[in-house]
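Q: I would like to go through the salt bridges of a model with you. Could you take my questions one at a time?

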Amino acid sequence: MSRSSSGAVAGLTAAAIAVVGFLAYQASASVPDNLGKAPAASSGPGPTGSAKPSAKPRPDALPEESGSGTRVVYALGKDRVWLVDAKDKVERTYKVSPSTVDPEPGTYAVTSRSGSITGSDGVPIEHVVRFASRDGVVIGFSAAVNGSVPELDPTQRTGGVRETREDGKAMWVFATVGTKVVVLP
């Protein structure tokens with residue numbers, strides 16, 4: 001009798017596994033393709049008649065008020081730079097370490113460049129791209145040769161906006177004399 005009951009148990013187990021497998025297949029076949037994905041953006045009003053709120057902007061997104069055409073955009077409040085090509089495509093964006101003297105918001109042009117010099121803080125710097133001055137302080141982008149970021153001393157008036165060496169090289173290639181620089185608050 002134990003032999004026949006073990007055969008029955010094995011048969012019932014096999015049948016249960018088959019049923020569970022079939023139900024799992026049916027469940028997976030009826031799952032919508034977009035399950036777990038964000039809903040597609042609507043271009044018009046929703047069912048309530050009002051437009052859907054826009055997605056939260058990315059913190060590294062190019063500010064809309066940055067102008068057009070080839071330009072360097074420097075947002076003072078975000079300590080961020082964008083290198084933008086003639087078709088308004090961002091080629092590169094990155095964070096910077098600000099100087100103690102900020103340029104006034106506005107539009108400037110690159111006025112001069114230096115391959116390597118000593119910064120006003122005594123640190124050797126490279127890829128210096130100057131674009132403004134304020135109260136006798138020349139302002140420009142640069143990278144410390146040793147990769148350091150200056151500790152801002154509010155008693156020192158410096159105009160060096162520090163970048164990483166990699167970002168400084170990208171700025172050097174992009175921003176030749178005359179390139180537009182847009183400074184935003």
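Q: To begin, is Asp-88 buried, partly exposed or exposed?
A: Asp-88 counts as partly exposed, at 38% relative accessibility. Buried means under 20% relative accessible area, exposed over 50%, and partly exposed in between (1.4 Å probe, protein chains only). This is a predicted model, in which local features need pLDDT of at least 70, side-chain atom pairs count only at pLDDT 80 or more, and totals for chains, interfaces and linings use all residues. Residues are numbered from 1 along each chain as its sequence is written, and side-chain values use heavy atoms, with hydrogens and water left out.

Q: Which side chain meets Asp-88 in a salt bridge?
A: That of Arg-71, at 2.7 Å from N to O. A salt bridge here is a side-chain nitrogen of Lys or Arg within 4 Å of a carboxyl oxygen of Asp or Glu.

Q: And is Arg-71 buried or exposed?
A: Arg-71 is buried, with a relative accessible area of 1%.

Q: How many salt bridges does the structure hold?
A: It holds 7 salt bridges.

Q: What does Arg-92 pair with?
A: Arg-92 forms a salt bridge with Asp-167, their closest N and O atoms being 2.8 Å apart. Arg-92 is partly exposed, with a relative accessible area of 24%, whereas Asp-167 counts as buried at 9%.

Q: Which residues are linked with Arg-92 in a network of salt bridges?
A: Glu-166 and Asp-167 are linked with Arg-92 in that network.

Q: Changing topic, what about Arg-58?
A: Arg-58 forms a salt bridge with Asp-60, with 3.0 Å between the closest N and O atoms. Arg-58 counts as exposed at 56% relative accessibility, and Asp-60 is partly exposed at 25%.
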